[in-house]
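My notes follow the order in which I checked things.

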Amino acid sequence: MTPISLGLVGLGTIARNQHLPALAATPALSLAAIASRNARLDDIAAFYDVAALLASDVRVDAVSLCTPPQGRFAQAQAALRAGKHVMLEKPPGASVSEVQALAQLARDRGVTLFATWHSREAAAVEQARTLLANATIQRVDIAWKEDVRHWHPGQEWIWEAGGLGVFDPAINALSILTRILPDPVHPTGAILEVPANKQAPIAAQMSMVTGAGAPVEAVFDWRQTGPQTWDIRVQSDLGEVVLQEGGARLVVAGVAQINASDAEYKRLYARFVDLIARGQSDVDLAPLQLVADAFLLGERRVVEAFVE
Ligand code: NAP
């Protein structure tokens, strides 16, 4: 079978660390072009941006956007209008409604739009979902604490409006939460701690409730040095179900079930190929909606200015 020819847009941290190795391990996809203003790869056609790529005579069937969320709409819109299948990094956009517009455009053009949630592909997430499908959930606690200086050095977009701040990693927790719980959650309140010199929060607390009335409490913090924490603890009639290390490790009632290595991006690209083959899209906005709701409901507290 001829591989699907793909253009990758935004050759930054995640593109280099995850997308390029995953693409190299996916024979059904062939990397044909890079569109990035300041970076290129040897032996691959290079363009300044997606518009230049689409205007060129390099043929791509699909485009994978690894740029920051602000500005992603125009890039995705241009690609969809040109009849390309599009894969979006998380968060899929800077607002809920812009992604809904993209989903409509993809339907109109008969192409695939895949809004990815890489954390949902972590090794233990599907087993946790299966386990909890018929459980009675009593309470959920999320602790997602990491060191922004380590993970996002020099990234200015992340602190700007639309960049999400600490919700950039927190949305990964919310993408897992909305995958593993048997019924929807909605926020009842939030506190957003915003550095005096930034537009986006460095920490947040979020109170949510499940449809059945169980509380879900989340603490997101970008100021954690030392060991990093990416845990979701679900109290249920099955005992405590704990996802650790961002969904890679599952512990049920104190017994370790899964502890597997990371294949998230290989699984994302395999799913993209499958969606294209089936002529389908996958655009689940639940995690982005929760973040939007936290910004709607959140009490804003100004905290110490952030110095890199
Ligand atoms: P990044 O290191 O800043 O890379 C993004 C790239 O996009 C830049 O290198 C830049 O390349 C290009 N770009 C285009 N327009 C830009 C603009 N207005 N401002 C800044 N860069 C722009 O960011 P990243 O960490 O790879 O994150 C990109 C997306 O992946 C985000 O949505 C993020 O949430 C997601 N993600 C990141 C990680 C991670 O650990 N870093 C993990 C999972 C998902 P040129 O200057 O060459 O155009």
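Predicted model: local features only at pLDDT ≥ 70, side-chain atom pairs only at ≥ 80, totals over all residues.

These entries cover the domains first, then the ligand and its surroundings.

Entry 1: I looked up how the chain is divided. I found domain 1 (4-115) and domain 2 (119-260 + 292-303). I then checked the contact between the domains. Domain 1 puts eight residues into it, and domain 2 puts in eleven residues. I also took the centres over C-alpha atoms; they are 27 Å apart.

**Entry 2: where the ligand sits.** Which pocket holds the ligand? I found the ligand in the largest pocket. I next asked why the ligand lies between the two domains. Domain 1 and domain 2 both supply residues to the shell around the ligand, so the ligand lies between them.

**Entry 3: the shell.** I counted 22 residues around the ligand. The closest are Thr13, Ser36, Asn38, Arg72 and Asp168. I sorted the shell by residue type. Nine are nonpolar, eight are polar and five are charged.

Entry 4: For aspartate 168, an N or O atom of the side chain is 2.5 Å from a ligand oxygen. For isoleucine 14, a polar backbone atom lies 2.9 Å from a ligand oxygen.

**Entry 5: cover.** How much of the ligand's accessible area does the protein cover? On its own the ligand has 860 Å² of accessible area, and the protein covers 80% of that.

Terms used: Residues numbered from 1 in each chain as written. Heavy atoms only, no water. Near = heavy atom within 4 Å. Polar contact = N/O pair within 3.5 Å; in protein donor to acceptor, adjacent residues only side chain to side chain. Areas by Shrake-Rupley, 256 points an atom, 1.4 Å probe, with all protein chains shown as cover. 1 Å grid on protein atoms, 1.4 Å probe; cavity = no way out; pocket = protein on both sides within 12 Å on 5 of 7 lines; lining within 4 Å. Sits in = over half its atoms within 2 Å of the grid points. Nonpolar A, V, L, I, M, F, W, Y, C, P; charged D, E, K, R; others polar. Domains from an automatic or database assignment. Contact = heavy atoms within 4.5 Å.
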